[in-house]
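Dear colleague,

Here is the structure I said I would pass on. My notes on it follow below.

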Amino acid sequence: MKPYDPISHALSINRRSFLTKSAYGLGGAAFAMLAAKASAAGAPPASGFSKGFLRSPHFPVKAKRVIFLCMAGGPPHLELFDNKPVLKKLDGQPFPESFTKGQQIAQLQNTVLKARGGSFEFKKWGKSGMEMTDIFPHIGSVADEMCVIRSLKTEQINHDTAHAFINTGSIIKGRPCMGSWLLYGLGAETENLPGYIVLTSTGRTGQQPISARQWSSGVLPSKYQGIQFQSKGEAVHYIGNPEGVCQSTQRQVIDEIRRLNGQLAEETVDPEIATRIAQYEMAFKMQSSVPELLDFKSESAKTIESYGIKEIGDGSFASNCLMARRLAERGVRMIQLYHRAWDLHGNLENGMKMGAEDVDKATAALIRDLKERGMLEDTLILWGGEFGRTPMGQGSGRDHHIAGYSVFMAGGGVKAGTTYGATDELGYHAVENVVDVHDLHATMLQLMGIDHRQLSVKYQGLDVRLTGIAGKPVNGIMA
Amino acid sequence: MRASSPIFLSLCIGLSCLAAEQPDETVRFNRDIRPIMSDTCFHCHGFDAKSRKGKLRLDLREDALKAGKSGAIAIVPGKPEESEVIKRLYSQDADEVMPNKESHKNLTEKQKALFKRWIAQGASYEPHWSYKPLEAPTVPAMPAGGHNPIDAFVGAKLAEKKITPSAEANKERLLRRVSLDLLGLPPTPEETAAFVQDHSPTAYEKQVDRLMASPHFGERMAVWWLDIARFADTVGYHGDQNQRIFPYRDYVINAFNTNKPFDTFTQEQLAGDLLPNPTEEQRVASGYNRLNMMTREGGAQAKEYLAKYGAERVRSVSNAWFGSTFGCAECHDHKFDPIKSADFYSLQSFFADVKQWGVYADYSYTPEPELKGVGNEHPFAPEVRSKNAYLSKKDQEGRAELQAHYAQLTQSIQADDQKRTAFAAWLKETNEFLTAHPSGLVTPSGSFLHKAAPPAPAKAAPKNTNATAAVKKPVAPVMPTEFAAGEPIQLKRGVAKGEDFAMSLAPTATPIASVRIDIPKGSLALDATSNITARFGIADAKGKERPVGFFLADASHREPRYNSTVEAVDIVTGWTLKMPDADVHAVWLLDSPITLKKDEKFIVHFESSAALSFKVSVSPISHHDPLKVTDGAFLTALKTGQPSPASMGSFLYSRASDRPALEKARAIASRIRWQYEGFAWSMTTKSVAPLTVRVLPRGNFLDVSGPVVLPSTPSFLPGRRESTPEKRLTRLDLANWITSKDNPITARAVMNRLWQQYYGAGLSAALDDLGSQGEPPSHPELLEWLSVEFRDKGWDMKRMVKLMVTSRTYRQSSSLRPDLKELDPNNRLLASQNPRRLDAEFVRDNALFIAGLINLKDVGGPSVKPYQPAGYYEPIQFPNRTYIASTDDSQWRRGLYMHWQRMFLHPMLINFDAPARDECTALRNYSNTPQQALTLLNDPTFVEAARVMAARLLTTPAGTDRLALSFRLAVGREIKASERDSLGKLITDQTAYYKAHPAEAAKLMKVGFAAAPTADPIEVAAWTQACRVILNSHEAITRY
């Protein structure tokens, strides 16, 4: 795999103009970034695998797209996926210091640490008999599609930096996020929609802020950034025609822009002009395809009910899940849903019940819907937060926890109906088959057919990668 | 090995014209060999001792010439066949071949041959180009048509390759280019015409001088530096709260406008606070050290974040002043460059004295006593308050406007008998009142009215007060039931929020226009605080109360109140008062003066969290400034009974009879208040006892096993300065070394970046990595020459800019050269100029300028808020944010003043590749995306610009060639016949459409806050479409 190469990149876009007009390079600005670093090997061959910079897969391609259901705020593994009877017995007792000594602690700094047992019952679900909470009955019902990782570790204990880490593999600003990496490596399969789309929803408790940095392309060109669909106003910024401008006027304006740009190209050798013309066409197509995307008329009442949607397009997680399926159908490479809830420092039981109402049914419906449409097999779903929550109580809740927590995956290439790894008897440290965030990224990339070591970009003299200098694909997760 | 091996390939292709390709050419270490070694050898045979294999070092010649572990000698100068390196490069044995399999690296045959030839030629080394001392090179002979030494260097290279440079761009395009490059603004049609007609030999230079003397030059240069300095309006982490820092931006603009030497510029930013008797400006400049991201997140660990801030600062400073990447050395010695971990931390150590908090809040589990009471709305201390030119100007403008308003009223009543009489009557009355009451106040008698049930203890007590204990039960009476006229009232305890404590005041002979509460000195312990609030009413004979509104209040001593770090100065119900060693008073101005009827009483509801002693007075006099009402000099002037603008103002407020005039006065006065008397706060550097800085193994802040390091300059750069146990170096020492003759890298880094601004690419294209993984410069001697000129001739920025934009090389046509496709595919030899898409801020400025909508009245000032999609800040919390677009003419200020929200940067800025400025950014991307198309097509800013441009064209005199004018405005050239035909048809079609759909035209006219046009909306709507086309054209957003 070669690092990002702005020259061949532009050439791939400007191929025709390049060949016909014998333009021989780029305007200074466009190539300045890395000119000397770049290979001028030309555009990648057309292939079903990739419309990005990877020519051929490094591994068998199991998944073609990712849906990341990001449970922002950090849901508690001990209430959901990781049953700890010993912890329950210890409830209210001092938490053994042997576990916590020298460990990073967030809001429980300088306080007496006490164990807090899980608040809900666990039961065995599905044919696989996977042990999971009883407050997620819908997700439980698709347990046989899931692979729960119970031994994930992260490095960052505060929301902001933990989000940066799970999205980009680094806390250094300007690192591209995983969706941007996928788009850069594989390109988009859709022409009329962005290849990487982000949707957000807000829970009723435990919200924490998120940042557009989490879907930023960082040092990669902005064409790889995640495009946020707004829950209010226009779905995509500037997607609607201006007030008082109808579609045919807009079309005429764009035609006229093309004409002007075409004339410019005749007398000025600058390959950016041809790109510009293409981007206006793409923009116009997006203007028409987004309304179609937002029109849920074709969805049956049964489907809508199955997701638990109260009102179409109400900005709820449930509505966003159905949108995720529609985006997946249209070939969007990376779909990221943020549900801002789960930061349950207090009133955890109630918060979990509300969280379950908002998220359980829709998550399960999405998995089932994709399965019924034959799309689950090549769609990789990741469900989880930026970190977990402490086995120690914090009043009526739990604090942030990074040493071991749970997420689950489903779909494309995932070992369905299994669990992987384990934490210790109190749910503090991941101790068995420990997976760190870089490993998770490496695994996801491998399922997409990519060797994580070979997806890189030259920046400040370094081969920047999603997995930094670490990361090992986890075979135990992959079917 | 990676099949594509990008780096080598690129060197062969990208720089093929530069490398020693002919067998008889001398192979140069820095140009030809070091890049190969850096990418393939140094990882195991370089600087980092820990990863070194076979005890072999290839980066030092003397080591490479020694026998290795196996006894073989890596490099035998002159004898490639005896050199182990060559054997290994050509080996067919998988265990022997280098680079080895694990490295995934490979060398091309060409590269191997180059290596061989280099050894055959004697294997001479050169120090890495950017680290070696600067030496002035010999300037080659000036080529024909050359203007300055830049052309000599560029020309020599072109001549070598037998390439002729491109012709000079035509004058229209040239002026547009240099205007956009120097100001970020296009020329006006008049400027273009004047230049075209000026045939003097100095015509171009005159234009350059004119542009560089413009105050907008500093604005344009600031955009360049603010990316480097990571200037933003918000802190970046978690709640992404606002920070107060805009005066730093003003400093930067001003520095470029006044051509502050770069060494001073460096000193002031890194160490302005350490200069002898630092000025306010120097303290503002030192705000640079505070531009790292900061957090206020609950649960964050101060130590962890101090480590993050420290590391970011090293990355930013090293990138800004060394053009180098120190980042890797946070965890380990750099693999490719001689940057050691100790270098990283000893650079960090210079900044260990910067006053800061890891977490900018006082949480119970992580107490920070100094930050007690600091909430999400509060600014980020320490700050400096300084006189700000922009605010002072606005303050003066406001005051002048108010005076003019009063003067105009004074004059206008002469023509109106009724008004004149009323004014005279008021003056007389006031005179009489002031004679009877020289203080301007009446202190009536009254009684304690009633007391509601006591509040729940403590809970209802306001925050931030030391007096909350006083409201705990049991509830004692607050005060005696009666009080006499003129007597102070002593509360026996605090009156809490919600406890309806009120007193009724006896009617006074005169109307009541304002209410004053006095709290004498000693009423509270020194520096104690009390929250006070007041509201008013009128009780009728039956005791039924109706509220009396007030529109403004102020107090002589109060703690500031913040709304997202902006100090709120408008209407408030109360304050936290901090008791100084002085009397305190507060004044409320009633919305309308009241005159009590018989049996009516004036009711004052008063709350105070402390058991104050106080006095309530009333006055018939009002004014736009609450504290003026009882000001001695003001009253003396008023007492003369002479009509004047000042007395007219007071009359207006005190009588409130001329409501429209009063509203206008209030609006102006409000605007004045928001200028804070011309002062602004800005984050600054305060030096305190330095934190201990250690080398953190693997960057882990919890690991304290690493050695403590003191400040010292990088070990691999010449003229190193190190702290001793006796003498600790300071930030000022760092700044002085950076700009000393010893240090070669800063001049190189800055000149390289500056070059990119005018030529599209740096001489070394990797602007932020002048190390061995970067790119050797295309014209090393030119970069050397520029750097020496810069360093030795006073760090004179304008001089260097002028050199760059007056060269023949700069002035060439920017149409790329198909004939050089093979020879110089990336135009690195500069046989033509490079086209450049405008930076995000200038995309905006350009459109607003063309429309005639841009606000260029002022330079500097607070950030502004252009239209932004609704709900965009919805995911931001602590505090929740609502974006309110600027409603005055600051809406159309330049892009560099746009509010820079790091977590949710304005979508227009993102779409045009502006960085969030989380960290130092030396080079922006220049992408070309559908989002850019959508922004230019549909963002209200650009739609509004188009409709205002249309109106501008349509208000020209009949007979004006409007389409021609539109092209002169937008792209600085004459329109072509084909363009005219095509746009003409568009206008005809659209006129027909809008004639049939006038409601649509009306809607379009309402996009944006700019006034609707006076011209026919249908015509404007049709022309708006043509203007949208022009503003969207590639030519309009590209500097050719």
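Which residues of α15(A) are buried? They are A:Val437, A:His438, A:Asp439, A:Leu440, A:His441, A:Ala442, A:Thr443, A:Met444, A:Leu445, A:Gln446 and A:Leu447. Please keep in mind that this is a predicted model.

Helix α15 of chain A runs over residues 437–447 and is mostly covered, with 11 of its 11 residues buried. The cover over these buried residues includes β1 (65–72), β4 (146–153), α8, α9 (178–186), β8 (379–384) and β15 (435–436) of chain A. After α15(A) comes A:Gly449, which has a positive phi, near 95°.

One of the covering elements, β8(A), is itself mostly covered: six of its six residues are buried. In a regular strand, side chains alternate between the two faces of the sheet. From β8(A), A:Thr379, A:Ile381 and A:Trp383 point one way, while A:Leu380, A:Leu382 and A:Gly384 point the other way, and all are buried.

β8(A) has these pairings. With β1(A) the pairing is parallel and runs over six bridges; A:Val66 has A:Leu380 as its bridge partner in β8(A). With strand β11 (residues 405–411) of chain A the pairing is antiparallel, over four bridges. There, A:Ile381 has A:Ala410 as its bridge partner in β11(A).

For chain A as a whole, the secondary structure comes to 15 helices and 17 strands. The chain has 479 residues, and buried residues make up 64% of them. Taking contacts in chain A between residues at least 6 apart in sequence, 77% join residues at least 24 apart.

On the nonpolar cores: the largest has 326 residues, and those with the most contacts inside it are A:Cys147, A:Cys321, A:Phe408, B:Met804, B:Ala945 and B:Leu1031. A second, separate core has 41 residues, including B:Ile517, B:Met579, B:Phe602 and B:Phe606.

Between the chains, 91 residues of chain A are in contact with 108 residues of chain B. On the side of chain A that touches chain B, the elements giving two or more residues are α3 (28–32), α8 (159–168), α10 (247–267), α11 (272–294) and β10 (397–401) of chain A. α10(A) gives the most, with 10 residues. The residues on this side of chain A divide into 38 nonpolar, 36 polar and 17 charged.

Chain B is divided into domain 1 (6–120), domain 2 (217–383 + 686–738), domain 3 (384–440 + 629–680), domain 4 (441–620) and domain 5 (938–1039). The centres of domain 1 and domain 5 of chain B, taken over C-alpha atoms, are separated by 62 Å.

Chain B also has an open sheet of five strands, in the order β4-β15-β6-β13-β9, with antiparallel pairing. At its edges stand β4 (489–490) and β9 (550–555) of chain B; each has a single partner strand, so one side of each is left without a neighbour in the sheet. Strand β6 (residues 512–519) and strand β13 (residues 584–594) of chain B pair in the antiparallel sense over seven bridges. B:Ile517 stands opposite B:Ala586 in β13(B), and B:Ile517 is also one of the residues in the second core.

Regards

How values were computed:
Residues numbered from 1 in each chain as written. Chains lettered and ligands numbered in written order. Predicted model: local features only at pLDDT ≥ 70, side-chain atom pairs only at ≥ 80, totals over all residues. Pairing = 2+ DSSP bridges. Domains from an automatic or database assignment. Core = buried A, V, L, I, M, F, W, Y, C linked by C-beta atoms within 7 Å. Buried ≥ 20, exposed ≤ 12 C-beta atoms within 10 Å, placed from the backbone. Contact = placed C-beta atoms within 7 Å. Nonpolar A, V, L, I, M, F, W, Y, C, P; charged D, E, K, R; others polar.
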